Amino acid sequence: MLAQEPSPSRETAAARRPLPPGTDVDGRGHLIDGGCDVTDLARRYGTPLYVFNETVLRANCRAYRDAFAAYAPGAMVAYAAKACLTRAIAAVVAAEGLHIDVVSGGELHVALSAGFPAERVVFHGNNKTAAEITQALDAGIGRFVVDNLDEMDRLAEAATRRGLRQRVLLRVAPGIEAHTHEYIQTGSQDSKFGFDLESGQALRAAQRCAATGGLRLVGLHAHIGSQLLDTRAVPPLVERMLDLARAVESACGVRLGELNLGGGAGIRYVDEEALAPRTLAAALTAAVAAGCARRGMEPPVLAVEPGRSVVGEAGIALYTVGSRKRVPGLVPYVAVDGGMGDNIRPALYGAAYTVVAAGRMHEPCAQQVHVVGRYCESGDFLARDAMLPAPEVGDLLAFYAAGAYQVPMASNYNLVPRPCLLLVANGRADVMVERETYADLCARDRLPERLLARPAAAAAGMGSLGSAG
Ligand code: LLP
């Protein structure tokens with residue numbers, strides 16, 4: 001068995017299948033994305049460069065839409081904008097008929113300014129400010145997911161002032177541990193999100209919500225975690241949520257027509273098998289149908305909020321090798337022109353990626369290396385123990401599945417400008433977000449007049465300070 005496996009030293013990146021969706025390798029061993037040679041894109045736009053494939057993005061939206069249309073007609077699929085939002089992405093998601101889940105005034109602003117229909121916006125977050133609530137109510141968004149009583153009061157007051165009855169869902173912490181990294185588990189009892197189910201907090205919150213002017217309680221929401229690769233958690237989650245829905249309905253006399261079960265479908269970073277929209281839709285609808293039948297309830301309209309599984313595999317990140325370091329007996333380091341500033345995930349979660357030499361896809365991956373970033377921090381690594389053709393300065397490295405939670409979590413650490421984002425399709429590349437410039441880095445920086453360098457005056461100032469002291 002082992003003997004038949006290709007030796008890692010002979011395997012080429014082109015032979016590692018599957019390639020990311022929407023990509024291919026040409027005869028020269030160049031990675032092609034959306035019909036564009038990524039080595040040309042890197043030359044033209046510089047690196048680090050994020051390339052998003054529009055065809056894949058659209059296909060992922062449609063896969064969700066079609067899966068839920070088949071299993072749960074009327075279901076709402078909301079793209080979780082936190083995974084990555086630009087105006088172009090918002091426009092594509094809107095055109096594909098999805099809803100959108102936003103968690104800040106900033107995400108709301110970007111979505112609306114791309115023409116996203118306000119009634120298809122769901123507003124999340126555990127500390128929405130009064131200003132954000134005002135912004136969202138003024139825009140006429142479809143739904144708020146209320147996370148806590150402080151927010152409920154703020155929202156009710158603002159909606160009442162406007163003479164509105166705002167549609168709301170309650171965020172519930174259902175006490176389910178998802179099988180994923182601790183930092184991206186969100187459904188357990190000891191979580192900062194939502195009303196605790198176990199202690200009766202969620203039921204009491206629903207009663208209060210149903211009795212509060214300005215609010216119309218239409219459903220319940222839970223999101224238990226991210227990068228989930230199976231549907232093990234679905235049946236217990238649905239059971240708990242249906243029990244709560246029934247308790248709310250009998251205690252408050254309102255019918256909860258909507259059940260939003262969040263996002264979380266996992267994708268392939270290395271060799272994982274992605275959780276397909278169809279598998280998720282089938283599991284959710286089967287659990288809801290069975291649970292409702294047992295309780296004699298009418299099934300609610302389902303909603304889901306995928307982020308990573310819509311945009312993750314649609315993106316790749318490109319970097320240029322700038323320097324190498326070899327210590328005898330140890331795995332060599334290869335440093336690229338990006339790192340934790342544009343991708344904090346390896347440092348934060350120990351996330352693993354597939355990395356290839358995008359211009360040498362037909363060469364054997366014979367060299368084991370650590371790919372590190374350019375930032376002043378030892379934890380700034382991008383891939384440990386990657387297998388690449390012996391890297392040369394100037395090589396272009398591509399990280400697969402880079403579309404989700406990288407750019408949105410990017411920082412200006414070390415004052416390195418943030419990368420350029422492209423949208424590619426059918427051999428065409430468009431800039432979605434320009435590379436940050438040094439001028440951008442100074443755009444909000446204010447140098448007080450009195451600190452402006454004026455050598456003579458500065459010297460005089462020093463003198464007078466000195467004599468005053
Ligand atoms: N809905 C809610 C309420 C959420 O909190 C999230 C993600 C989603 C939907 C979308 O989940 P997705 O389908 O993308 O898994 N920064 C982390 C992921 C944090 C996820 C936060 N919430 C990472 O890089 O893995």
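**Spaces, ligand and backbone**

Author: The largest cavity holds about 150 Å³ of space. This is a predicted model, in which local features need pLDDT of at least 70 and side-chain atom pairs count only at pLDDT 80 or more, while totals for chains, interfaces and linings use all residues. Residues are numbered from 1 along each chain as its sequence is written, and side-chain values use heavy atoms, with hydrogens and water left out.

Reader: How many cavities of 30 Å³ or more does a search of the whole structure find, and what counts as a cavity?

Author: Rolling a probe the size of a water molecule over the atoms shows where empty space is left. On a 1 Å grid over the protein atoms alone, a cavity is a set of points where a 1.4 Å probe fits but cannot get out, whereas a pocket is an open set with protein on both sides within 12 Å along at least five of seven lines; lining residues have an atom within 4 Å of a point. Grid points are joined across faces, edges and corners, and a volume is the space filled by probe spheres set on the points. Here the search finds five cavities of 30 Å³ or more.

Reader: Which residues lie nearest the centre of the largest cavity?

Author: They are Leu-228, Val-234, Leu-261, Gly-263 and Leu-280, out of 16 lining residues. Helix H8 (234-252) and helix H9 (277-295) are the elements that give two or more residues to this lining; helices (H or I, at least four residues) and strands (E, at least two) are DSSP runs, numbered from the N terminus.

Reader: Where does the second largest pocket lie, and why?

Author: Domain 1 (8-53 + 313-439) and domain 2 (72-306) both give residues to the lining of the second largest pocket, so the pocket lies between them; the domain bounds come from an automatic or database domain assignment. About 550 Å³ of space lies in this pocket, and its 21 lining residues include Arg-16, Tyr-269, Val-270, Asp-271 and Thr-354, which lie nearest its centre. Strand S18 (residues 381-388) gives the most to that lining, with three residues.

Reader: Which residues are closest to the ligand?

Author: A residue is near a molecule if one of its heavy atoms lies within 4 Å of it. By that reading 19 residues surround the ligand, and the closest are Ser-226, Glu-305, Arg-308, Arg-345 and Tyr-405. The shell draws at least three residues from each of domain 1 and domain 2.

Reader: What distances separate ligand atoms from the side chains of Glu-305 and Tyr-405?

Author: A nitrogen atom of the ligand is 2.7 Å from an N or O atom in the Glu-305 side chain, and an oxygen atom of the ligand is 2.6 Å from an N or O atom in the Tyr-405 side chain. Taken alone the ligand exposes 590 Å², of which the protein buries 92%; these accessible areas come from the Shrake-Rupley method with a 1.4 Å probe.

Reader: Which residues are joined by a cis peptide bond, and what is the phi of Gln-227?

Author: Most residues other than glycine have a negative phi, and most peptide bonds are trans. Here a cis bond joins Arg-17 and Pro-18, with omega about -5 degrees, and another joins Thr-47 and Pro-48, with omega also about -5 degrees. Pro-48 sits in the loop between helix H1 (38-45) and strand S4 (49-53). Gln-227, although not a glycine, has a positive phi of about 55 degrees.

How values were computed
Polar contact = N/O pair within 3.5 Å; in protein donor to acceptor, adjacent residues only side chain to side chain.
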